[in-house]
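Have the viewer open and go through the points in order.

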Amino acid sequence: MATDYYAVLGVRRDAGPDEIKKAFRRLARELHPDVNPDPKTQERFKEINAAYEVLSDPQKKQVYDLGGDPLSANGGGAGAGAGFGQGFGNFSDIMDAFFGTASQRGPRSRTRRGQDAMIRLEIELDEAAFGTTKDIQVDTAIVCNTCHGEGAAPGTTAQTCDMCRGRGEVSQVTRSFLGQVMTSRPCPQCQGFGTVVPNPCPECAGDGRIRSRRTLTVKIPAGVDNGTRIQLAGEGEVGPGGGPAGDLYVEIRELPHQMFQRRGDDLHCTVTIPMTAAALGTKVPLETLDGLEEIDIRPGTQSGQSIPLHQRGVTHLRGGGRGDLIVHVEVQTPGKLDPEQEELLRRLAKLRGEERPLGQFQPGQQGLFSRLKDAFNGR
Ligand SMILES: [Zn+2]
Ligand SMILES: [Zn+2]
């Protein structure tokens with residue numbers, strides 16, 4: 001058998017219809033050509049479609065579970081076998097009986113592709129901004145060192161099954177109203193593998209793989225964000241029989257920063273300055289991702305104004321350049337004044353003719369008032 005549809009979808013052989021559907025949807029979203037146009041991914045997309053076509057259809061699934069391939073020519077023609085089923089085993093047996101294709105299948109391989117694995121990795125903002133390398137601990141199945149994936153104890157080998165003589169299936173001739181019919185089914189002694197392992201490897205109990213903890217060094221590119229997945233091909237679970245490993249996905253989780261808030265590749269922070277500094281201008285030291293910098297507060301700066309520091313944000317993941325660091329200014333009005341300060345401020349107010357200010361109201365562009373007015377005018 002060429003393809004293990006269960007392994008393709010990453011489900012166990014006893015998975016129920018809901019589990020199969022869920023696994024398919026998850027993979028389809030991930031591998032859909034619209035999302036992922038890479039040709040290798042498209043090939044996998046076709047595979048999972050084929051796997052789902054078989055495993056979601058009870059009849060095809062039964063054919064497949066018994067060792068047939070419902071998508072190949074000799075098992076096709078869905079539905080035609082319904083009604084014939086009883087008495088002959090299953091649909092593919094009947095097709096075999098009519099077309100004599102029973103001997104074309106051969107034993108199935110003990111080796112199958114392993115499943116993908118995922119691990120979450122927490123990183124700091126500056127690591128996301130500039131990229132880094134991290135050592136991660138992964139727990140996955142690896143090829144058994146004792147039997148090198150063969151599954152047989154050292155000094156022994158797998159032997160050709162004597163019941164099916166290595167064919168992986170056994171045939172039986174029965175009489176029926178169609179005459180003599182030859183049916184075949186997976187060999188019960190070797191489960192269709194064509195070989196038996198008389199002395200399974202003691203290390204892996206014949207599975208060809210063992211669980212192991214490894215340390216991997218992962219290169220994290222600059223510009224990753226919460227939820228970014230880094231694919232490490234072939235670093236996932238080794239398959240049964242020492243089959244090729246699935247992929248490992250490292251999902252990034254960025255830890256919150258005490259000063260900067262990230263929005264896309266821009267960073268935001270707020271600096272609070274006293275009213276006098278806003279009026280007179282000042283320089284404020286700020287520890288940016290690139291080190292200590294002086295923020296130049298111009299004389300006459302208003303509360304709510306923002307000062308952009310270009311190219312001081314997070315590196316763009318694709319293409320060069322960086323986002324900006326945007327410093328929002330908040331002007332603090334002094335609260336408690338002692339008599340001397342109050343006197344000074346009163347003098348300042350008098351000098352500026354601001355003893356009884358009227359305030360300045362402007363028509364709000366996006367304010368509540370203008371929106372109400374628009375509503376009244378039917379705009
Ligand atoms: Zn072993
Ligand atoms: Zn056998």
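Predicted model: local features only at pLDDT ≥ 70, side-chain atom pairs only at ≥ 80, totals over all residues.

1. Start with the rings. Searching the whole structure turns up three aromatic pairs. One of them joins Tyr-6 and Tyr-64: the ring centres sit 5.9 Å apart and the planes meet at 40 degrees, so this pair is tilted. To follow that, you need the cut-offs: planes under 30 degrees apart would be stacked and over 60 edge-to-face, with the rest called tilted.

2. Where do Tyr-6 and Tyr-64 lie? Tyr-6 belongs to helix α1 (residues 5-9) and Tyr-64 to helix α4 (residues 58-65), so their pairing ties together parts that are 58 residues apart in sequence. Tyr-6 is buried, at 1% relative accessibility, and Tyr-64 is buried as well, at 1%. The cut-off for buried is under 20% relative accessible area.

3. Now turn to Phe-24 and Tyr-52, an aromatic pair of the stacked kind, with 4.0 Å from centre to centre and 10 degrees between the planes. Phe-24 is in helix α2 (residues 17-31) while Tyr-52 is in helix α3 (residues 39-55), so here the pair ties together parts that are 28 residues apart in sequence. Phe-24 has a relative accessible area of 14% and is buried. Tyr-52 comes out at 19%, which still counts as buried, given that the limit is under 20%.

4. Back to the tyrosines for a moment. Ring pairs also bring in Tyr-5, giving a cluster of Tyr-5, Tyr-6 and Tyr-64.

5. Next, the metal. Which residues are the protein donors of the zinc ion (ligand 2)? They are Cys-161, Cys-164, Cys-187 and Cys-190, each through its SG atom, at 2.2 to 2.3 Å from the ion. Along the sequence, these donor residues follow the spacing C-x2-C-x22-C-x2-C.

6. What is the arrangement around that ion? The four donor atoms subtend angles of 101 to 118 degrees, which makes the arrangement around the zinc ion (ligand 2) tetrahedral. The test here is that all angles lie between 85 and 135 degrees.

7. An unreviewed UniProt entry lists Cys-161, Cys-164, Cys-187 and Cys-190 under "binding site". They span 30 residues in sequence, yet no two of their C-alpha atoms are more than 8.9 Å apart, so they gather at one spot.

8. Cys-187 sits in the loop between β5 (179-186) and β6 (195-196), and Cys-190 lies in the loop between β5 and β6. Cys-187 is buried at 1% relative accessibility; Cys-190 is buried at 1%. Setting aside neighbours within four places in sequence, the contacts of Cys-187 include Cys-161, Met-163, Cys-164 and Gly-192.

9. You'll find Cys-144 in the loop between β2 (132-143) and β3 (159-160), buried at 1% relative accessibility. Leaving out neighbours within four places in sequence, Cys-144 is in contact with residues including Cys-201, Glu-203 and Cys-204.

10. Then Cys-201, which lies in the loop between β6 and β7 (209-220). Cys-201 is buried, with a relative accessible area of 1%. Not counting residues up to four places away in sequence, Cys-201 touches Cys-144, Thr-146 and Cys-147, among others.

11. One last stop: Ala-277, in helix α7 (residues 275-280). Is Ala-277 buried or exposed? At 14% relative accessibility, Ala-277 counts as buried.

Note on methods:
Residues numbered from 1 in each chain as written. Chains lettered and ligands numbered in written order. Heavy atoms only, no water. Phe/Tyr/Trp six-rings, centres within 6.5 Å; stacked < 30°, edge-to-face > 60°. Helix = DSSP H or I, 4+ residues; strand = E, 2+ residues; numbered from the N terminus. Buried < 20%, exposed > 50% of the residue type's maximum accessible area, 1.4 Å probe, protein only. Donors = N, O, S within 2.8 Å, 3.2 Å for Na, K, Ca; no water. Tetrahedral: all angles 85-135°; square planar, octahedral: opposite > 155°, others 65-115°. UniProt positions renumbered as here; feature names shortened; annotations may be inferred. Contact = heavy atoms within 4.5 Å.
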